[in-house]
Amino acid sequence: MRIRIVDAFTDRPFSGNPAGVLLLDAFPDDTWLRNVAEEVNHAETAFAHPLPAGGEADWALRWFTPVAEVAMCGHATLATAHVLTSTHTHEGPVRFATRSGVLVATPQPDGSLTLDFPTAPLTPVPVPDGVAEALGAEPVSAFDTGPQVGDLLLELTDEKTVLGLAPDLRSLGRYSERGIIATARAGDATAGHDYVSRCFFPNIGIDEDPVTGSAHTALAPFWSARLGSPDLTGLQASPRSGHVRTGLRGDRTLLSGRAVTVIDGELLA
C-alpha cells in the first residue's frame, strides 16, 4: 500500500514535523498499526479510511507514536489533510472522526490548511516541586491543559531561556500524562512570531517534538489572554522548527500551516 512522509507546519522539506500517512480501506488490527508506527519511527503516523457518505465525518483517523496511540495530534492531521487534498482524493473541507471528536481541515486559497480543534482548558496549578531542576529553568507559572492534551504548560521568563533548555527528560516524565510545554513571549516583536515554545514528551517516546499542533490548542488561549489578540503566530523552536498560526474562537482553536510531501513510497509488509 502507499505510504507517505509529510513535513507539517512548514513550506520546506526537512523542517517542521514529519508524519507518516497511510490511506486505508479499513483499520487493520492494532498490532499492525503499532508495528507500522514503530517502523516509521516519527513522532506520529496517521492512519485514515473513508467513511460512508451522509455521516458527520468523511474519514476515520487515528494517530500512533512509535510506542502508543494518542488522543489528539495536530501535525499528523495536517499531514493527512495535505495528502487528501494534494492528491485530489478529497475536495474541500475534510471532516475526520477521531478520539477527540470530529476535527475539520479546510484548504485555504494560499495553499495552507486550517484545522478546527477543541480549545484546551487551562487550569492554574502550583509549579511542581522539582520541575525547575528537571527542566533546567525556573517557571513563572504553571497550567494543566486538560485530558485531551495531557501536558503541563510552563511559562518561562523569556524566549532566550526557552531556546536554551536542555532538560533531564527522564525526570520530566513524572510531571504530566504526556509531557511539558515550555513557552515564553517572543523576544523580538519584528521576528514574525508572537510567542515561542518547545515540547518534551518522554512518556510517549518523543524526547522533543518538532512542531506540536495539539499543544497550540493550549498555547492559543494562554497567549491570546496575555497579548490581547485572538489571532497570533507561534514558533516552536525545536531543531527542525515550524510556525503555527493560531486563532482562538471560544471553545475552538484554529491551527493553520502548510505541509510538504517528502517521501511517497510503497509499504510491503
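How many salt bridges does a search of the whole structure find, and which side chains meet in them?

A: This is a predicted model: local features need pLDDT of at least 70, side-chain atom pairs count only at pLDDT 80 or more, and totals for chains, interfaces and linings use all residues. Residues are numbered from 1 along each chain as its sequence is written, and side-chain values use heavy atoms, with hydrogens and water left out.

The search of the whole structure finds 11 salt bridges. A salt bridge here is a side-chain nitrogen of Lys or Arg within 4 Å of a carboxyl oxygen of Asp or Glu.

One of them pairs Arg240 with Asp7, at 3.2 Å from N to O. Arg240 lies in the loop between β15 (231–236) and β16 (242–249), and Asp7 in strand β1 (residues 2–8), so the pair ties together parts that are 233 residues apart in sequence. Strands (E, at least two residues) are DSSP runs, numbered from the N terminus. Asp7 is buried, at 2% relative accessible area. Arg240 is partly exposed, at 27%. Buried means under 20% relative accessible area, exposed over 50%, and partly exposed in between (1.4 Å probe, protein chains only).

Arg249 and Asp231 form another salt bridge, at 3.0 Å from N to O. This pair links distant parts of the chain: Arg249 sits in strand β16 and Asp231 in strand β15, 18 residues apart. Arg249 is partly exposed at 42%. Asp231 is partly exposed at 44%.

Salt bridges that share partners also join Asp30, Arg62, Glu69 and Arg99 into one network. Within it, Arg62 meets Glu69 at 2.8 Å, N to O. Arg62 is buried at 16%, while Glu69 is partly exposed at 25%.

Methods: Helix = DSSP H or I, 4+ residues; strand = E, 2+ residues; numbered from the N terminus.
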